[in-house]
Amino acid sequence: IQAGIDVELGLDYCGGEESFYQEMLRMFCAQGGEKRAEIISLYEAANWKDYAIKVHALKSTSLTIGAEALSEQAKQLELAGKAEDVEYIRQNHAALLSKYDEVCQSISAL
């Protein structure tokens, strides 16, 4: 496990294809800035319905690369967004972004 990424789990999700897994990691980081900006924008607009949709996507892609902790944080925020639990979102949004950055940094180091 490398800084929040379970490589074996990620490889399992990619059918054991190392080159495919490497591509998934590259795409995850390449799209990171844009996806992060979308999540921030929806948060700032208090658009919880679309916020839930964006963090749902992050939950899925995170799990695919083996970033279980990030996926779990996104899942909790997705549920909070669907329930419009604004207090939970406000308390946990920054931690999600921080973990997202951490995962992308550790991918760069792989």
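**Salt bridges and their setting**

Modeller: The side chains of Glu 23 and Arg 26 form a salt bridge, with N and O 3.0 Å apart; the term denotes a side-chain nitrogen of Lys or Arg within 4 Å of a carboxyl oxygen of Asp or Glu. The model is a predicted one, in which local features need pLDDT of at least 70 and side-chain atom pairs count only at pLDDT 80 or more, while totals for chains, interfaces and linings use all residues. Residues are numbered from 1 along each chain as its sequence is written, and side-chain values use heavy atoms, with hydrogens and water left out.

Glu 23 and Arg 26 are about one helical turn from each other because they stand three residues apart in helix α2; helices are DSSP runs of H or I with at least four residues, numbered from the N terminus. Both partners are partly exposed, Glu 23 at a relative accessible area of 33% and Arg 26 at 48%. On this scale, buried means under 20% relative accessible area, exposed over 50%, and partly exposed in between (1.4 Å probe, protein chains only).

By the stated rule, the count is six salt bridges. Another of them joins the side chains of Lys 59 and Glu 78, again at 3.0 Å from N to O. Lys 59 belongs to helix α4 and Glu 78 to helix α5, so this pair ties together parts that are 19 residues apart in sequence. Lys 59 and Glu 78 are both buried.

In helix α6 (residues 86-109), Lys 99 pairs with Glu 102, their closest N and O atoms lying 3.2 Å apart. The two are three residues apart in α6 and hence separated by about one helical turn. Glu 102 is partly exposed, with a relative accessible area of 33%, whereas Lys 99 is buried at 18%. Elsewhere, salt bridges with shared partners link Lys 59, Glu 78 and Lys 82 into one network.

Setting aside residues up to four places away in sequence, Lys 99 contacts Ala 69, Leu 70 and Gln 73, contact meaning heavy atoms within 4.5 Å. Leu 70 is also among the members that touch the most others in the largest nonpolar core, which has 27 residues. Such a core is a set of buried Ala, Val, Leu, Ile, Met, Phe, Trp, Tyr and Cys residues joined through side-chain atoms within 4.5 Å. The largest share of this core, seven residues, comes from α6.
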